[in-house]
Amino acid sequence: MGSADSKLNFRKAVIQLTTKTQPVEATDDAFWDQFWADTATSVQDVFALVPAAEIRAVREESPSNLATLCYKAVEKLVQGAESGCHSEKEKQVVLNCSRLLTRVLPYIFEDPDWRGFFWSTVPGAGRGEGEDGDENARPLAESLLLAVADLLFCPDFTVQSRRRSTVDSAEDIHSLDSCEYIWEAGVGFAHSPQPNYIHDMNRMELLKLLLTCFSEAMYLPPAPDSSSINPWVQFFCSTENRHALPLFTSLLNTVCAYDPVGYGIPYNHLLFSDYREPLVEEAAQVLIVTLDHDSATSASPTVDGTTTGTAMDDAEPPGPENLFVNYLSRIHREEDFQFILKGIARLLSNPLLQTYLPNSTKKIQFHQELLVLFWKLCDFNKKFLFFVLKSSDVLDILVPILYFLNDARADQSRVGLMHIGVFILLLLSGERNFGVRLNKPYSVRVPMDIPVFTGTHADLLIVVFHKIITSGHQRLQPLFDCLLTIVVNVSPYLKSLSMVAANKLLHLLEAFSTTWFLFSAAQNHHLVFFLLEVFNNIIQYQFDGNSNLVYAIIRKRSVFHQLANLPTDLPAIHKALQRRRRAPEPLSRTGSQEGASMEGSRPAAPAEPGTLKTSLVATPGIDKLTEKSQVSEDGTLRSLEPVPQQSSAEGSPVSEEPSQAWREQRRPSSASSSGQWSPKSEWVLSWKSKLPLQTIMRLLQVLVPQVEKICIDKGLTDESEILRFLQHGTLVGLLPVPHPILIRKYQANSGTAMWFRTYMWGVIYLRNVDPPVWYDTDVKLFEIQRV
């Protein structure tokens, strides 16, 4: 039958379904088979030929027919899984049913009355044979998920057949050990099967259906406790699914082994179409959704890991019931870590390669999914995190993240990408090794819209953070605390900052310590505290190599004197806030000598008007995101648990979650006009007295007279002579006793778990446009907005 006829017949069947007012019997195969038996429709056809309005009409006006359609489609998938899909016709039926369910499921999820449908057993739905009564008791959702799992390891359909003999001895799908059919070499599997375009396409269709099953999460509003478990994911990742381990491994290896460059030959992708990429994207999306698990609340006892093979660490206590999370947390072999890290770093760096030889490699689009995957790996597997930090390979993750942060800073539709990049760096910065690794010279010249500098990866990080703070858009303000916390965490280990980076840090201090900025919101002074902590750490622990920073502090000494003499009387406070009305934005580029940007770079662009974006829930404040630890003499960390029910340093109690009001207050413009915030003298005094200025004041007291003397004696205006003097100077015995190093380590909490859920599903919603699986359905987890 021709493709046009086939579409026509399918469309006729759809029209019949929408116009029938009477229920059609489940046993009426002649009617139901029209949807899948003799048609060859692509997934795009199915979306075009089954309009949203018609699905909703059937749902409202003849619900029993929609129920039977779903039931019969699942039944066909189950039959395909049972038989092993040997004939082309059976394969076609499975694909058609898979596409139809992908089309219909979102409309079942969007209606609360239908939400339980797949979790009910279908009474007497015409199975006919009474013998398998216990099978009848399985909810439809479970039958569907188990069938999809079986079909993903179906020889000659989604995996290569291992038998070389005739059809009659084809593998029995029930006795088949799917661990021998893992899709790609890598973790726990050494054999790399021959690539097969058809198998990849079939896997991709089934994974799309799986992702659609999991997407019920999009139709529930964000819950504050984030504990709502997705029943689809919970069942699929449980011991009920005998393919859980090989499927987890197949997905992980498929993503990490993918090389979009085209086997190392530039421009190769222009000759060969890369059918692997859609599968890799789908695999990455399914993987991160199955790993959506709140690690803050996962203390549940679970299945023992006796069947996990050697790739997983059996010595560990049993982990969470979600087997995908469990397996991920127990990977432990160095070569597996190396494979995963190299794969993710290769894919994250891919968009940067574009900038050297435009179009030389295929540009991948799924970096956000990769960042979520990397986050999950570090969060659930501490051994992986330590492996990443053990060598300078961590810089292969750092540089692409800084590239994305810098590139997205002006684009309102990429706020989520900014957050996840910063969260990953916050997590890494809690480990001493990260700060140490940053001292490696930065020589790769990825064209970025930042000033040219010669220095280390630490300089790159500071220059990019400065750029985000001074020229990003308004919605990034809640991230300033996080950005500066990262700099504080690494500061005790930074051996030698470049002059460019030193000037950037002082420019930030200058901007954040203007009186109107300090007084215009309740939390703004925290930014000054963070920066002073950075300077103190470097002076006390890394004075010797940091003459550039010391020189910059001396040049800008007036800023520190102004802070020490900050006015605290009400008239002065009001006058400072009045000045704001006439003053320019505090973080304009004035006062920061912007050098020329790197050659070949494009300025960070705002989003095109009309770009779609999804809303995100608020992230917890830095005090909720992190836990303070003190570094002891021997380098070990001692947690500094906060005293319960204590007010914060400013004398105002710290609220549990940063409210919307707090976020608004952070925006200086709305602070004084809205009347929400009016600073009092006592409040200013309460934190002014705690400003950690002693070390810097002592440094200035000792060095400024010496530097001035050199300038007068030698008639100097030349920096290099002063820098040489500072390089050989010492403050040993002149500074206050060094303070203990404080590290603020990221800690998991339900607020961030909920943020990750909304961000991840928002990315998946926006990235699935062909076919547009969820477009125009009534999602509740986030709002779809236009920039």
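A: Start with helix α13, residues 323-330. Seven of its eight residues are buried, so the rest of the structure largely encloses this helix. This is a predicted model.

The buried set in α13 is L323, F324, V325, N326, Y327, L328 and R330. Buried here means under 20% relative accessible area. The cover over these residues includes four helices: α10 (231-236), α11 (244-257), α12 (276-290) and α15 (367-380).

Now the start of α13. A side-chain oxygen of N322 comes to within 2.8 Å of the backbone nitrogen of F324. F324 itself is among the buried residues.

Next, look at N381. This residue sits in the loop between α15 and α16 (382-390). N381 is buried, because its relative accessible area is 2% and the cut-off for buried is under 20%. Its side chain has polar partners on the backbone. A polar atom of that side chain lies 2.9 Å from the backbone oxygen of I331. The backbone oxygen of S329 lies 3.5 Å from a polar atom of the N381 side chain. Leaving out residues up to four places away in sequence, N381 touches L328, S329, R330, I331, F337 and K376.

Helix α6 (residues 88-109) and helix α9 (residues 197-214) have axes that come within 9 Å and cross at roughly 20 degrees. Angles under 35 degrees count as roughly parallel, so α6 and α9 are roughly parallel to each other. Their crossing is left-handed. On the α6 side, the meeting residues are L95, S98, R99, L101, T102, L105, P106 and F109. On the α9 side, they are N202, E205, L206, K208, L209, T212 and C213. An α-helix has 3.6 residues a turn, so residues three or four places apart point the same way.

Last, the strands. Strand β2 (residues 626-631) pairs with strand β4 (residues 742-746) in the antiparallel sense, over five bridges. In this pairing, E627 stands opposite K745. β2 also pairs with strand β3 (residues 637-639), again antiparallel, over three bridges. There V631 stands opposite L637. β2 and β3 form a hairpin with five residues between them. In its turn, G635 has a positive phi of about 90 degrees.

Key
Residues numbered from 1 in each chain as written. Predicted model: local features only at pLDDT ≥ 70, side-chain atom pairs only at ≥ 80, totals over all residues. Heavy atoms only, no water. Buried < 20%, exposed > 50% of the residue type's maximum accessible area, 1.4 Å probe, protein only. Helix = DSSP H or I, 4+ residues; strand = E, 2+ residues; numbered from the N terminus. Contact = heavy atoms within 4.5 Å. Polar contact = N/O pair within 3.5 Å; in protein donor to acceptor, adjacent residues only side chain to side chain. Pairing = 2+ DSSP bridges. Axes fitted to C-alpha atoms, helices over the stretch in contact; angles between N-to-C directions. Parallel < 35°, antiparallel > 145°, perpendicular 65-115°, else oblique. Left-handed = near helix turned anticlockwise from the far one by under 90°.
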